[in-house]
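I opened my notebook today to look through a new structure, one piece at a time. Here is what I wrote down as I went.

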Amino acid sequence: MAHIRHGRRKRSGRGRPRTGPGTGRGRTGRLTARRALRREVPSTVALLADERDFTAMRRYASFTFDDHARYLREMEGLLRALAARGVHTAIALFDPDGYEEFCAEARIDPDSPASRTRYTAETAAAGGTLTYDGQPIDRLVPRLIGAAEERATLEYATALLSRAGARDDLVRAASERAAAALRAVLGAAGPGTHHLVCSVPAGGTSLVAVVHAETRGEHPARAAEPGAQLFRTVLACGIATRSPGGIVLRTSAPGQRDRVRGWALHDGWLRPLSEAEVFTAYCTDAETGEPIPPEHGVEYRAGIPLTRPEDIRPAGD
């Protein structure tokens, strides 16, 4: 009688089952496939950038961090680990007040990681995220806060603009005029790198928008998006509400002193400020009204007259 060996019968190489990433069979193959799939799934992270917001979240027992600095270090480590695996990561600002309202409306428990991840996903879907590209956390936080403030300003300015116009054509006219005004300022700016600030008092506060542009060769400067959208909206809000707002332009060019010019909103267009008016506007604290020492190496110049859109003659006339 043949001897029977207990255990698994040895298989020949010819009949051995295949495993691996291409087969989807076997533990090793499944793990490899899942790791590959993780690289195809984007990630979204909501960051508590402010110490006060971090403290507000500590009232939830499921939020286990108790030190904001350590929390930021751990978050930076997480972001770098995701980037190292090739995962695209979007970062949003976590707002505890907005989170509380979200949970109340959705009737979910706010003291739950699942609720926080759901809020994060909803926030990202609504916009207002930055893409993580490896920057240190101390550079990421100011950018994230700035992006959130710009988004809030855009929403507020858009609401004011809608209320200011009794008809859609008035809002559209103000928006078109604002776009024309921005093009006119950039067309008159000349060569260099340009930093524009538009300030419009509205509703007891001041709407502020900043945009950058650069003149290259003979082509006129073009404002960088998405800041240009906010700039045009704030300026349109000032035009529609006949606000006494204005624009300050600072131009830098190699081998030259920085030049500052300014315009004030008047009768639906931009009136150039005199050199003295530009100096006063630039050297005055916008919040306190107190004088600020003039900046060394800066020239204060009068604004350049800008042709109103209705005065522009079509080519060939």
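**Starting at a loop**

I began with proline 42, which lies in the loop between helix 1 (27–38) and strand 1. My helices (H or I, at least four residues) and strands (E, at least two) are DSSP runs, numbered from the N terminus. A note on the source: this is a predicted model, where local features need pLDDT of at least 70 and side-chain atom pairs count only at pLDDT 80 or more, while totals for chains, interfaces and linings use all residues. Residues are numbered from 1 along each chain as its sequence is written, and side-chain values use heavy atoms, with hydrogens and water left out.

Is proline 42 buried or exposed? I found proline 42 exposed, with a relative accessible area of 58%. (Buried means under 20% relative accessible area, exposed over 50%, and partly exposed in between, with a 1.4 Å probe and protein chains only.) Leaving aside residues up to four places away in sequence, proline 42 touches Val87 and His88; contact means heavy atoms within 4.5 Å. The C-alpha atoms of proline 42 and histidine 88 are separated by 5.0 Å, although the two residues are 46 apart along the chain.

Next I looked up an open sheet of three strands, with order 1-2-3 and mixed pairing. Strand 1 (43–47) and strand 3 (130–131) are at the edges with a single partner strand each, so one side of each has no neighbour in the sheet. Strand 1 pairs with strand 2 (residues 89–93) in the parallel sense over five bridges; two strands pair if DSSP finds at least two bridges between them. Alanine 46 has alanine 92 in strand 2 as its bridge partner.

Helix 3 (residues 68–84) packs on this sheet, touching strand 1 and strand 2, and its direction makes about 165° with that of strand 1. For such angles, axes are lines fitted to C-alpha atoms, for helices over the stretch in contact, and the angles run from 0 to 180 degrees between N-to-C directions. Helix 5 (residues 113–125) lies across strand 1 and strand 2 at about 100° to strand 1.

Which residues of helix 3 are buried? I listed His68, Tyr71, Leu72, Met75, Glu76, Leu79 and Leu82. Seen down the axis, these buried residues of helix 3 fall within an arc of 135°, so they line one face of the helix. (The arc is that of the directions from the helix axis to the C-beta atoms.) On the other side of helix 3, I found Arg73 and Ala84 exposed. After helix 3 comes glycine 86, with a positive phi near 80°.

In helix 4 (residues 96–106), I noted Pro96, Gly98, Tyr99, Phe102 and Cys103 as buried. They cover an arc of only 155° around the axis, which puts them on the same side of helix 4. These buried residues pack against helix 2 (51–57) and helix 5. Asp97, Glu101, Ala104 and Glu105 are exposed on the other side of helix 4.

In strand 4 (residues 193–202), His194, Leu196, Cys198, Val200 and Ala202 point to one face and are buried. Strand 4 runs antiparallel to strand 5 (residues 205–216), joined by 10 bridges, and histidine 195 stands opposite histidine 212 in strand 5.
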